[in-house]
Amino acid sequence: MNALDIRDLRKVYKNGFEALKGIDVSVAEGDFFALLGPNGAGKSTAIGIISSLVNKSSGRVEVFGHDLDRDPEGVKSCIGLVPQEFNFNMWEPIGEIVVNQAGFYGIPRKEAWQRAEESLRQLDLWDKRLQMSRTLSGGMKRRLMIARALVHRPKLLILDEPTAGVDIEIRRSMWEFMSELNRQGTTIILTTHYLEEAESLCRNIAIINQGRIVEHSRMDQLLHQLHTETFVLNLRDRITELPRLQGFELKRLDEQRVEVAVSSGQSINQLFEQLSSQGLGVTSLRNKQNRLEQLFMNMVESARNGAPQ
Amino acid sequence: MTRYSRYWTAFRTIFTKELLRFTRIWLQTILPPVITTVLYYIIFGNLIGSRIGEMDGFRYIDFIVPGLILMAVITNSYSNVVSSFFSSKFQRHVEELIISPVPNWVILGGYVAGGVARGVMVGIAVTAVSLFFTDIQVQSYGWTLTVFTLTAILFSLAGFINAVYANSFDDISIIPTFVLTPLTYLGGVFYSINMLPQIWQQISLANPILYMVNAFRYGLLGVSDIHMGVALGIVILFIIALTGFSLYLLNRGIGIKS
């Protein structure tokens, strides 16, 4: 049984805007799945429909075998949602926010407090349980929404931009936390604008653009499609003119940095050998662009130019 | 855990949340109606009322007691639900409920119970204050409590519908200011409709608050301008209609879903 099955899902808003034009998405149980797309592509609409915040126009949604039309309570029981925008009561203490959420899922108050303690401790917020939520920092507010989403122990966790606006240290600790949750069996759907986040965490991916799914595959298969990677090389010595290399075209960025495109048929060793033979040492190198980011941009641009996917 | 025990827990959670919300800010929610009512008793009851004389066989201050208590119940049950539900829409934490497996009738029940709780609390406080100014003897506890509770339910439902349609804070003050207050003042709180010319008596019968004020006055004083069966029937009819409409709005997601 899949964690999520979406078939021919369409959404037309009252103003006539067609946000989803018949999308099909499947997410296997236990998967860590990335749902990516540019702003306005339809990601949030799709997530809104799955979590009952948006009414669909047509199509079918099933979560762990529960049909959204026939058994909405079954669907809702399986899902935990961490939305993009803060959506908790700013005038309520943190502990109560989490306990109340458990109560809405029918968990009695005593057990709700035990679970809230567990969730809040996992996210380093237990000490702040009596504090009003408005007093938290941005990163803590994001963690509060994760704690709240986990209190009923959902089988499917949907994270809509969970690390937006948080510093790199917190972001990395949240990545570890999400990976651990997934290892323990929770299926996770992640939308993010940090594509390195999706690349390092997710095993499968769907890319949505202009209301259509333009890619739905395994992450490694998708990355394999990338024919060229661009590297930035930091040179040991200053150069006044670009060296001529066979099969590689270099671009000078400044006196000590060059950019080079390496296609999938080429070896980076060949590049280093040629540079060494001309007496040029490389002190370090880095990808100019994240690999997934490069693919993502290619797809979005092709779609914009009307090229077939 | 059975389905209905889950629903009961969800209902209690919404109700407790509502209860905590308005008791935490009792200076804004419980105290002001008590002070307003004291002022009514001093000015209309004692100062002006002593010159008016009797109305329907009662001292004027005794005559206005039922209306003033019910006015506090109406205003507070309405404003509790309208402000709480609109604020949950405004801050988007209504989404906590929408994504949870709580049926819409439980959500409605929880908010209405919160409104009734505030209406009842304020009503009790205002009644307690009344005892310092009047010495009324309750004629029928059954009628008094029934009308008291049904009125609080009805106006909690009305507040809920207002909140569903409201898109701004202005929208939640328009109905109380331009509809609720005039209807309450013209609903026989301060006078008997028998004092009015025939045509205005007929027009007054279109005001639903008139039936509640008179039914409540009957419970407390034993007098009413309206037949009690008609009054009760109208209140129950309104409750059924507003409940049905509120559930329709929730089921369609009007005002809360896109």
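Good morning. Please keep in mind throughout that the structure before you is a predicted model.

The domain assignment divides chain A into domain 1, residues 2-223, and domain 2, residues 228-292. The centres of these two domains of chain A, taken over C-alpha atoms, are separated by 41 Å.

Strand 1, residues 2-12, and strand 2, residues 18-28, run antiparallel and are joined by 8 bridges. One pair to find on the screen is A:I6 with its bridge partner A:V25 in strand 2 of chain A. Together, strand 1 and strand 2 of chain A make a hairpin, with 5 residues between them. In the turn sits A:G16, whose phi is positive, at about 95°.

Strand 1 of chain A has a further antiparallel partner in strand 4, residues 58-63, to which 5 bridges join it. Here A:R10 stands opposite A:S58 of strand 4 of chain A.

I turn now to another sheet. In chain A, 6 strands form an open sheet, in the order 6-7-8-3-9-10, with mixed pairing. Which strands stand at the edges of this sheet? They are strand 6, residues 79-82, and strand 10, residues 212-218, of chain A. Each has a single partner strand, so one side of each is left without a neighbour in the sheet. On average, neighbouring strands of the sheet are turned by 15° against each other, direction ignored.

Within this sheet, strand 3, residues 32-36, and strand 9, residues 204-209, of chain A pair in the parallel sense over 4 bridges. A:A34 has A:I205 of strand 9 of chain A as its bridge partner.

Helices also pack on the sheet. Helix 1 of chain A, residues 43-50, touches strands 3, 6, 7, 8 and 9 of chain A. The direction of helix 1 makes about 150° with that of strand 7 of chain A. Helix 5 of chain A, residues 138-150, lies across strand 6 and strand 7 of chain A and runs at about 170° to strand 6.

Next, the contact between the chains. How many residues does each chain contribute? Chain A gives 25 residues and chain B gives 21 residues. On the side of chain A, helix 2 (72-78), strand 6 and helix 3 (94-104) are the elements that give two or more residues. The largest share, 4 residues, comes from helix 3 of chain A. The residues on this side of chain A divide into 12 nonpolar, 10 polar and 3 charged.

Finally, chain B. Its secondary structure comes to 11 helices and 2 strands. From the N terminus on, the elements of chain B run α-α-α-β-β-α-α-α-α-α-α-α-α. The C-alpha trace of chain B spans about 60 × 35 × 35 Å along its principal axes.

How does the radius of gyration of chain B stand beside that of a compact globule? A compact globule with 258 residues would have a radius near 18 Å, and the 19 Å of chain B agrees with this. Of the 258 residues in chain B, 45% are buried. Among contacts in chain B between residues at least 6 apart in sequence, 82% join residues at least 24 apart.

Thank you for your attention.

Key:
Residues are numbered from 1 along each chain as its sequence is written. Chains are lettered from A and ligands numbered from 1 in the order in which they are written. This is a predicted model: local features need pLDDT of at least 70, side-chain atom pairs count only at pLDDT 80 or more; totals for chains, interfaces and linings use all residues. Two strands pair if DSSP finds at least two bridges between them. Axes are lines fitted to C-alpha atoms, for helices over the stretch in contact, and angles run from 0 to 180 degrees between N-to-C directions. Two residues are in contact if their C-beta atoms, placed from the backbone, lie within 7 Å. The radius of gyration is taken over C-alpha atoms; the globule rule is 2.2 Å times the number of residues to the power 0.38. A residue is buried if 20 or more other C-beta atoms lie within 10 Å of its own, exposed if 12 or fewer, and partly exposed in between; C-beta atoms are placed from the backbone. Ala, Val, Leu, Ile, Met, Phe, Trp, Tyr, Cys and Pro count as nonpolar, Asp, Glu, Lys and Arg as charged, and the others, Gly among them, as polar. Domain bounds come from an automatic or database domain assignment.
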